[in-house]
Amino acid sequence: MKILIVEDEPKTGDYLKQGLTEAGMVVDLARDGWDGLHLACNIEAGKQAYDLLILDVMLPGLDGWQVLEGVRRAGMSMPVLFLTARDQVADRVKGLELGADDYLVKPFAFIELLARVRSLLRRGKSSIEPTLLKVADLELDLLSRRALRAGKRIDLTAKELLPRCGT
Ligand code: CA
């Protein structure tokens, strides 16, 4: 498993890199947002793409959100774990809209980070989610947000099309 950490705090970055390496992962560490985005998106020929990104939010150059936006714009869909010092609802919503997969609020225990990393890597293996759902004569296209019943368009409100959040 190959992981990219983007973290500007030297101690935290080194500590995470060492810990994840000892856990058997291949780890690269970038110290600022530009380097992180460059590493994540520019996979040299023959090199394996990253299975997971760990992004600090507050970074020099590009911040973590901008790195994530760039990565997603480049069409890369690996899971992303954010490290944030600010446990704010607005941050979480922003991250989720941009396609973040999980959060860890600093300070955190390494064992918790490792557990989340492993869980995201497991999920990442089956990350190609179907965008077209079919049940009997009902078809739902999650990308175009269209629903068809027996081949005929039916109108759904945005609310009906939003995935439930476990409540
Ligand atoms: Ca930082």
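## The chain as a whole

Among the contacts in the protein chain with a separation of 6 or more, 55% are between residues 24 or more positions apart, where contact means heavy atoms within 4.5 Å. This is a predicted model, in which local features need pLDDT of at least 70 and side-chain atom pairs count only at pLDDT 80 or more, while totals for chains, interfaces and linings use all residues. Residues are numbered from 1 along each chain as its sequence is written, and side-chain values use heavy atoms, with hydrogens and water left out.

The protein chain contains six helices and nine strands; helices (H or I, at least four residues) and strands (E, at least two) are DSSP runs numbered from the N terminus. Of the 167 residues in the protein chain, 35% are buried, a term for under 20% relative accessible area, with exposed meaning over 50% and partly exposed lying in between (1.4 Å probe, protein chains only). The accessible surface of the protein chain is about 10400 Å², and carbon and sulfur atoms account for 54% of that surface; such areas come from the Shrake-Rupley method with a 1.4 Å probe, and for residues only the protein chains shown count as cover.

## Two helix pairs

Helix H1 (residues 10-22) and helix H5 (residues 110-124) have axes that come within 11 Å and cross at roughly 60°, which makes H1 oblique to H5. Axes here are lines fitted to C-alpha atoms, for helices over the stretch in contact, with angles from 0 to 180 degrees between N-to-C directions. Angles under 35 degrees count as roughly parallel, over 145 as roughly antiparallel, 65 to 115 as roughly perpendicular, and the rest as oblique. On the H1 side the contact is made by Tyr15, Leu16, Gly19 and Leu20, and on the H5 side by Phe110, Leu113, Leu114 and Val117.

Helix H2 (residues 33-41) and helix H3 (residues 64-73) have axes that come within 9 Å and cross at roughly 20°, so H2 and H3 are roughly parallel to each other. Gly33, Leu37, Ala40 and Cys41 of H2 meet Val67, Gly70 and Val71 of H3.

## The calcium site

The calcium ion is coordinated at 2.1 to 2.3 Å by Asp8 (OD), Asp56 (OD) and Met58 (O), and these donors follow the spacing D-x47-D-x1-M along the chain. Donors are N, O and S atoms within 2.8 Å of the metal (3.2 Å for Na, K and Ca), and since water is not among the atoms, sites may look incomplete. Asp56 counts as buried, at 3% relative accessibility, whereas Met58 is exposed, with a relative accessible area of 53%.

Leu83 has its place in strand S4 (residues 80-84) and is buried, at 0% relative accessibility. Setting aside neighbours within four places in sequence, Leu83 is in contact with residues including Leu16, Asp56 and Leu113. The C-alpha atoms of Leu83 and Pro107 are separated by 9.1 Å, and these two residues are 24 residues apart along the chain.

Pro107 lies in the loop between strand S5 (102-105) and H5, and the peptide bond from Lys106 to Pro107 is cis, with omega near -5°. Another loop, between strand S8 (146-149) and strand S9 (152-154), holds Ala150. Phi of Ala150 is near 50°, a positive value in a residue other than glycine, and Ala150 counts as exposed at 58% relative accessibility.
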